[in-house]
Amino acid sequence: MIRLDGVSKVYRVSDPGETAKKDLHALKSVSLEIENGSIYGIIGRSGAGKSTLIRCVNLLERPSSGRVFIGGVEMTALDDAKLRAARRKIGMIFQSFNLLANRTVSGNIAFPLELDRWTKREITDRVREIARLVGIEDKLGQYPSQLSGGQKQRVGIARALANRPDVLLSDEATSALDPQTTKSVLGLLRDINEKLGLTVVLITHEMEVIKEICDSVAVLDAGEVVEEGPVLKVFTTPVKGVTKELLAQVMKTQLPDSFAGLKFTHERGSRQADILLQVSFFGDVTASPIISGLVRNFDADVNILVAHIDHIRATPCGTLVIQLSGPDREDALEYLLDMNLKVEVIGYVARSDGTAR
Amino acid sequence: MSQDLTALLARGLVDTLYMVGVSSAISFLLGLPLGVILSITAPDGILANRPLYSALSLLVNIGRSIPFIILMVAIIPVTRFLIGTSIGTDAAIVPLSASAIPFVGRVVESALREIDDGIIEAALSMGATPFEIIRKVLLPEALPAIISGLTLTVINLIGYSAMAGAIGGGGLGDIAIRYGYQRFMPDVMLATVIALVLMVQLFQFAGDRLSGMTRHDKKN
């Protein structure tokens with residue numbers, strides 16, 4: 001288990017134009033627990049402190065205060081030599097790959113093994129084995145400049161995994177890749193996580209990445225963890241504005257443009273007002289015919305404004321924005337609230353066309 | 001051109017190659033560690049050490065700001081102490097090396113500084129020691145740039161060695177001045193100039209080839 005205990009990081013920065021230096025609080029008392037074998041995502045906008053946070057795990061950045069534990073060992077208490085030994089069991093991959101340009105693919109993968117004093121023969125065998133695992137066994141003799149971005153990141157992953165680490169840190173590993181390559185690299189990370197059972201900690205600014213492979217997520221904003229938990233829970237019941245904003249990237253719940261000009265209130269308003277609500281559903285209910293049930297049972301009309309079905313890892317999750325009208329609309333709302341659904345009343349809209357529906 | 005003159009030119013060529021060769025070797029040997037120390041003790045280096053960096057940097061700057069012709073005369077006592085005389089080819093090697101060491105230091109420093117911080121960070125994340133980073137990351141990654149810099153140094157030394165001739169250092173420069181200039185022998189002057197030009201061309205060509213062969217960061 002990886003545990004961060006009140007980790008803070010303060011930088012002394014000089015403001016241009018000002019003579020006095022001031023403190024920049026990059027991390028403010030961050031505490032996290034990351035279970036063995038899970039894929040843990042840390043998301044936040046740029047400047048939120050993500051990259052400082054992930055570097056505090058292997059102490060590329062030393063926290064100003066707080067402690068970091070990996071598997072019961074207090075990293076923050078190790079001396080230089082022991083820290084280096086511990087780092088050999090923590091792989092790391094980077095947005096810009098950071099491969100050695102003057103070493104071949106196989107030389108790059110061999111690098112951490114040389115540092116760990118493996119014999120030549122062991123290195124040759126291991127390099128071939130790990131290259132096969134990440135699907136670059138035919139590139140071993142090439143130099144990084146001859147590879148595509150996706151292939152370079154596979155080399156980065158192979159290098160990070162070569163020494164059989166317990167933990168893999170991923171610093172925006174897919175941010176420089178196109179969507180399709182991103183998908184295949186994320187798939188590889190998940191494969192590795194399942195096959196080797198190693199813990200993956202990744203930082204990203206893309207909710208898509210979290211949705212695709214993470215088990216748990218922490219939302220970082222201005223150096224603080226504002227929301228944390230299993231991905232499904234954070235996705236379905238986001239509390240903080242920043243989380244909702246990030247979620248909007250993947251949950252396409254924006255209202256159609258035609259609604260932008262409408263006046264809608266959160267008060268119940270006039271009796272004719274239609275109810276605008278957002279229904280989110282997860283897991284098995286996705287399959288049940290909710291809307292047709294509603295229409296069959298009540299004298300109400302349903303106008304689907306936005307519909308979106310997605311998968312968070314293997315769990316289907318859907319979002320509907322619907323407009324409820326008709327005499328029984330309040331009862332219909334009750335019906336929806338009774339189902340195992342998450343229903344949120346967005347507001348009430350006066351009917352624009354004036355015709356009864 | 002008489003037999004004597006041909007022998008004289010051959011002798012000069014050998015002297016020049018000797019002076020340049022030995023002073024290049026000495027300046028590489030001492031300049032390389034100097035450059036490594038400068039780059040790792042720099043404020044953003046892996047073993048940042050401001051006092052040491054500032055002191056070395058000042059020393060290098062002083063060395064590089066003294067014109068060669070003055071340095072040559074100024075360190076005559078040192079030359080006498082090391083070689084036993086201040087005249088001759090061996091004696092010329094001392095000021096030549098002294099002027100090239102700080103130059104090589106800066107060349108190596110700037111080559112090492114060109115390396116992306118991310119690569120060093122990756123090596124640190126894999127548990128590399130500072131020495132391993134120097135040996136396995138910095139030097140191999142900077143090798144093409146270091147070779148280019150050393151080529152530049154050799155070519156500079158060829159030029160300086162001609163000046164060393166002026167204080168009795170021997171070599172092609174000595175011949176050009178004593179025969180070509182002072183005895184009005186334009187054919188000797190021309191011959192030495194051609195020899196020097198060819199030598200520079202040859203070293204530049206070899207240096208570029210070697211640098212290109214070790215460079216793998218560009219698509220080919």
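Residues are numbered from 1 along each chain as its sequence is written, and chains are lettered from A and ligands numbered from 1 in the order in which they are written. Because the model is predicted, local features need pLDDT of at least 70 and side-chain atom pairs count only at pLDDT 80 or more, while totals for chains, interfaces and linings use all residues.

User: How many helices and strands are there in chain A?
Analyst: Helices (H or I, at least four residues) and strands (E, at least two) are DSSP runs, numbered from the N terminus. On that basis, the secondary structure of chain A comes to 11 helices and 15 strands.

User: Which pattern does chain B follow along the sequence?
Analyst: Chain B has 9 helices and 0 strands. Its C-alpha trace spans about 70 × 45 × 25 Å along the principal axes. Read along the sequence, the pattern of chain B is α-α-α-α-α-α-α-α-α.

User: What percentage of the residues in chain B is buried?
Analyst: A residue is buried if 20 or more other C-beta atoms lie within 10 Å of its own, exposed if 12 or fewer, and partly exposed in between, with C-beta atoms placed from the backbone. In chain A, 38% of the 357 residues count as buried. For the 220 residues of chain B, the buried part is 44%.

User: Among contacts in chain B between residues at least 6 apart in sequence, what percentage joins residues at least 24 apart?
Analyst: Two residues are in contact if their C-beta atoms, placed from the backbone, lie within 7 Å. For contacts in chain A between residues at least 6 apart in sequence, 71% join residues at least 24 apart. The corresponding value for chain B is 70%.

User: Which element gives the most to the side of chain B that touches chain A?
Analyst: The contact takes 20 residues from chain B and 19 residues from chain A. On the side of chain B, the elements that give two or more residues are α6 (117-125) and α7 (130-164). With 6 residues, the element that gives the most is α6(B).

User: How do the residues of the side of chain B that touches chain A divide into nonpolar, polar and charged?
Analyst: Ala, Val, Leu, Ile, Met, Phe, Trp, Tyr, Cys and Pro count as nonpolar, Asp, Glu, Lys and Arg as charged, and the others, Gly among them, as polar. By these classes, the side of chain B that touches chain A holds 8 nonpolar, 6 polar and 6 charged residues.

User: Why are α4(A) and α5(A) described as oblique to each other?
Analyst: Axes are lines fitted to C-alpha atoms, for helices over the stretch in contact, and angles run from 0 to 180 degrees between N-to-C directions. The axes of α4 (residues 120-134) and α5 (residues 149-161) of chain A come within 9 Å and cross at roughly 135 degrees. Angles under 35 degrees count as roughly parallel, over 145 as roughly antiparallel, 65 to 115 as roughly perpendicular and the rest as oblique. The two helices are therefore oblique.

User: Which residues in α5(A) meet I130(A), A131(A) and V134(A)?
Analyst: I130(A), A131(A) and V134(A) are in α4(A). The residues of this contact divide into 6 nonpolar, no polar and 1 charged. Those in α5(A) are R154(A), I157(A), A158(A) and L161(A).

User: Which residues in α5(B) does α4(B) meet?
Analyst: Helix α4 (residues 76-83) of chain B packs on α5(B) at an angle of about 125 degrees, with the axes 9 Å apart. That makes α4(B) oblique to α5(B). From α4(B), the residues in the contact are V78(B), T79(B), L82(B) and I83(B). Their partners in α5(B) are D90(B), A91(B), V94(B) and P95(B).

User: Where is N98(A) found?
Analyst: N98(A) has a positive phi of about 55 degrees although it is not a glycine. N98(A) is also buried, with 23 other C-beta atoms within 10 Å. Its place is the loop between β6 (90-94) and α3 (105-115) of chain A.
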